[in-house]
Every structure is written in C-alpha cells, then in structure tokens.
Amino acid sequence: AAAAPAAAPAAAAAAGRTFSCNTCGGVFPSREAHREHFRSDWHRYNLKRKLSKMPPLALAAFEELEDPFGADAPPDASDRLK
C-alpha cells in the first residue's frame, strides 16, 4: 500500500522537517515514510508515467484505478524507441 502523504505541505512543515517526492508530488512526515513511498506501487506507476512524459497521478486517482499495471498502465517508454 502507498504511504499517504501529509494533508498539506504547509501543515507538515509546521510540524517539523518533511520529505517530498519530486516524481509524485507527495510530502511525507518522516524519512521512513519517504523511503517506504519509493517502494510503493503509486511511486512505481508515476515513474512509468514520467518516462512516458506524462504528468504524475495523484494518490486518490491512483487508488481508483482497477488495474494500474495492466490495462490502466501508462505506455511503455521503450515502445517509442522502436
């Protein structure tokens, strides 16, 4: 399961140091949550979108996908190299 980002960057910043993901746009309250995020399906999905020059998908939208790595998967970047 994807680690849920903090509700808002400003609120998280008020509580102390935060960690963010430049690929997904998520903000995390701890180093551990940040590291866990990098192993999440949400992050892997957004990496594939980034390689295909597509914008990231918000966590809520990702969670609504029925099959993120099947029919709902972003196009494979290697297809463009053929």
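This report covers selected residues of a predicted model.

## Helix 2: R31 and H34

Helix 2 spans residues 31–38. R31 lies in this helix, and H34 also has its place there.

H34 has a relative accessible area of 14%, so it is classed as buried, the cut-off being under 20%. From H34, the side chain reaches the backbone oxygen of S20 at 2.8 Å.

## Positive surface patch

R31 also belongs to a positive surface patch.

## Loop between helices 3 and 4: K53

Helix 3 covers 41–51 and helix 4 covers 59–64, and K53 is found in the loop between them. The phi angle of K53 is positive, at about 60°, although K53 is not a glycine.

K53 has a relative accessibility of 73%. This is over 50%, so K53 counts as exposed.

## Segment after helix 4: P68

P68 is found in the segment that follows helix 4. With a relative accessible area of 16%, P68 is buried, because the value is under 20%.

In sequence, P68 and W42 are 26 residues apart. In space, the C-alpha to C-alpha distance between P68 and W42 is 8.8 Å.

Notes: Residues are numbered from 1 along each chain as its sequence is written. This is a predicted model: local features need pLDDT of at least 70, side-chain atom pairs count only at pLDDT 80 or more; totals for chains, interfaces and linings use all residues. Side-chain values use heavy atoms; hydrogens and water are left out. Patches are made of residues with over 30% relative accessible area and no salt bridge: like charges are joined within 9 Å, nonpolar side chains (Val, Leu, Ile, Met, Phe, Trp, Tyr) within 5 Å. Accessible areas come from the Shrake-Rupley method with a 1.4 Å probe; for residues, only the protein chains shown count as cover. A salt bridge is a side-chain nitrogen of Lys or Arg within 4 Å of a carboxyl oxygen of Asp or Glu. Lys and Arg count as positive and Asp and Glu as negative; His and the chain ends are not counted. The place of a charge is taken as NZ of Lys, CZ of Arg, CG of Asp or CD of Glu. Helices (H or I, at least four residues) and strands (E, at least two) are DSSP runs, numbered from the N terminus. Buried means under 20% relative accessible area, exposed over 50%, partly exposed in between (1.4 Å probe, protein chains only). A polar contact is a pair of N or O atoms within 3.5 Å; within protein, one must be able to donate a hydrogen and the other to accept it, and residues adjacent in sequence count only if both atoms are side-chain atoms.
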